[in-house]
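Subject: Handover of a structure and the findings so far

Dear colleague,

Please find below the structure that I am handing over to you. My findings follow it, and I would ask you to read them with the structure open.

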Amino acid sequence: ACCFVLVGCNGPLPDTNTTERPEAGSPHPEMAGTPPSGQPSEALLRLREKALDAKETYEKARNDPKLAKEYAAALVALGDAIQNAPELPRSTKFRQALQMFRRAVELDSSNQRAKELISLSESIYRQMNRPIPEKEEPSFDLAPSP
């Protein structure tokens, strides 16, 4: 007779169709269930397109605060997703996300989520005894890991 033992089973899989905020370290909601494939996921590419569209729209009417807020929100969503994307190289994704959060605060000083993410990112750099990157223009490059 043969018998099978399940090792490491901790109960049912979590429900991925909830609207709850993800726990720290969990994937961005639009990235959930995306396996590392070496290439940016479709969800990540969609967020990048949304941010690039928002940037283009904002640049045509820089004095419109509504467009600035929309661009800032798109940067925060993309930066958050980049930071949590397993397929992107760790060596660049945290710097890239930090630059997006900083630009979002420049565009919309009331964006509390961007401020929280800047603080969190900078504290992680300090904990790792690494210098906090200087401010620079955000990059929208989603180069996969080699």
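Leaving aside its neighbours within four places in sequence, with which residues is phenylalanine 94 in contact? Before the answer, please note that this is a predicted model.

The overall picture

The protein chain contains 4 helices and 0 strands. Read from the N terminus, its elements follow the order α-α-α-α. The chain has 146 residues, of which 34% count as buried. Among contacts with a separation of 6 or more, 67% are between residues 24 or more positions apart.

Helix α3

The buried residues of α3 include Gln96, Ala97, Met100, Phe101 and Ala104.

An α-helix has 3.6 residues a turn, so residues three or four places apart point the same way.

The packing of α2 and α3

Two packed helices are described by the angle between their axes and the distance between the axes. For α2 and α3, the angle is about 165° and the axes are 8 Å apart. Angles over 145 degrees count as roughly antiparallel, and α2 and α3 are therefore roughly antiparallel to each other. Their crossing is left-handed. On the α2 side the contact is made by residues including Ala68, Tyr71, Leu75 and Gln83, and on the α3 side by residues including Phe94, Ala97, Met100 and Leu107. The residues of this contact divide into 13 nonpolar, 3 polar and 3 charged.

Phenylalanine 94

This brings us back to the opening question. Phenylalanine 94 is found in helix α3. Apart from its neighbours within four places in sequence, phenylalanine 94 is in contact with Gln83 and Tyr125. Is phenylalanine 94 buried or partly exposed? Its relative accessibility is 27%, and phenylalanine 94 therefore counts as partly exposed. Finally, the C-alpha atoms of phenylalanine 94 and glycine 79 are separated by 8.5 Å, and these two residues are 15 residues apart along the chain.

Yours sincerely,
A colleague

Notes: Residues are numbered from 1 along each chain as its sequence is written. This is a predicted model: local features need pLDDT of at least 70, side-chain atom pairs count only at pLDDT 80 or more; totals for chains, interfaces and linings use all residues. Side-chain values use heavy atoms; hydrogens and water are left out. Buried means under 20% relative accessible area, exposed over 50%, partly exposed in between (1.4 Å probe, protein chains only). Helices (H or I, at least four residues) and strands (E, at least two) are DSSP runs, numbered from the N terminus. Axes are lines fitted to C-alpha atoms, for helices over the stretch in contact, and angles run from 0 to 180 degrees between N-to-C directions. Angles under 35 degrees count as roughly parallel, over 145 as roughly antiparallel, 65 to 115 as roughly perpendicular and the rest as oblique. A crossing is left-handed if the near helix is turned anticlockwise from the far one by less than a right angle, and right-handed if clockwise. Contact means heavy atoms within 4.5 Å. Ala, Val, Leu, Ile, Met, Phe, Trp, Tyr, Cys and Pro count as nonpolar, Asp, Glu, Lys and Arg as charged, and the others, Gly among them, as polar.
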